Amino acid sequence: MYKVTINNHGHETVIHSPFFNDVKLVAGKIKQEINVADGFTFSVLPNNPAYNLIRPLTTLIYVDNTKTGKREFDGRVLMPTEDMSNSGSFAKSFVCESELGYLNDSRQRHGEYHDITVRDFLQVIIDNHNADVADDPIDKTFEVGIVEVDSSTGTLYRYLGYENTFETIKDKLLDRLGGELRVRKENGVRYLDYLWSIGERKSTEIRIAKNLQSI
């Protein structure tokens, strides 16, 4: 059971309800990958309030699992497409990205850093990002959260150029040290965690007809 909500400058509108006879999307799919902004695609018909309310790069969107109470997707709408079905009815489809994509909206400042820890270097990068997006109408700022990854020498020697923030993190940290990024929200604060691995290993056996329906 899912609820999908859009947010335009603080005004929220439900565009997919978990209740049977309420507003619905035609289709919706979440795509999750490691160290890539999550994606959400969905389609609506003209009778859905989302049809005329969504503004690309401005409208925020949330997907909540009402059964578990977990927010499955938190991000923004990127762009729409409009299609006509064989029956002649029009539908709009939208592509969305999660909040990790906000790191593509800023650029870094040139700098040279000697004997700096992974956490402190990531803090420099995030401080540059936050300064660059400070005047944006949407809050795109991050706080550095949990940092588990470190270097073999304990400190780093890195340059910063003028690339966008996400590409900088990928090149200067992820590609060289490994690890995974996670966006986490607590008490309204958006944290960027840098972990060795997201999730945990389980010894639970997976068996057909027991806890797996099909393969």
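Strand S4 (residues 39–44) is largely enclosed by the rest of the structure, because 5 of its 6 residues are buried (under 20% relative accessible area with a 1.4 Å probe and protein chains only; exposed is over 50%, partly exposed in between). The model is a predicted one, in which local features need pLDDT of at least 70 and side-chain atom pairs count only at pLDDT 80 or more, whereas totals for chains, interfaces and linings use all residues. Residues are numbered from 1 along each chain as its sequence is written, and side-chain values use heavy atoms, with hydrogens and water left out.

Strands (E, at least two residues) and helices (H or I, at least four) are DSSP runs numbered from the N terminus, and two strands pair if DSSP finds at least two bridges between them. S4 runs antiparallel to strand S3 (residues 27–31), to which 5 bridges join it; Gly28 has Phe42 in S4 as its bridge partner. S4 is also joined by 6 bridges to strand S7 (residues 90–98), again in an antiparallel arrangement, with Ser43 opposite Ser93 in S7.

Helix H2 (residues 118–132) has 15 residues and should span 21 Å at 1.5 Å a residue, which agrees with the 21 Å between its end C-alpha atoms; the expected span is 1.5 Å times one less than the number of residues. The buried residues of H2 include Phe121, Leu122 and His129.

Most residues other than glycine have a negative phi. Asp115, however, has a positive phi of about 50°; it is located in strand S8 and counts as exposed at 65% relative accessibility. Asn187 likewise has a positive phi, near 55°. Asn187 lies in the loop between strand S11 (180–186) and S12 and, at 82% relative accessibility, counts as exposed.
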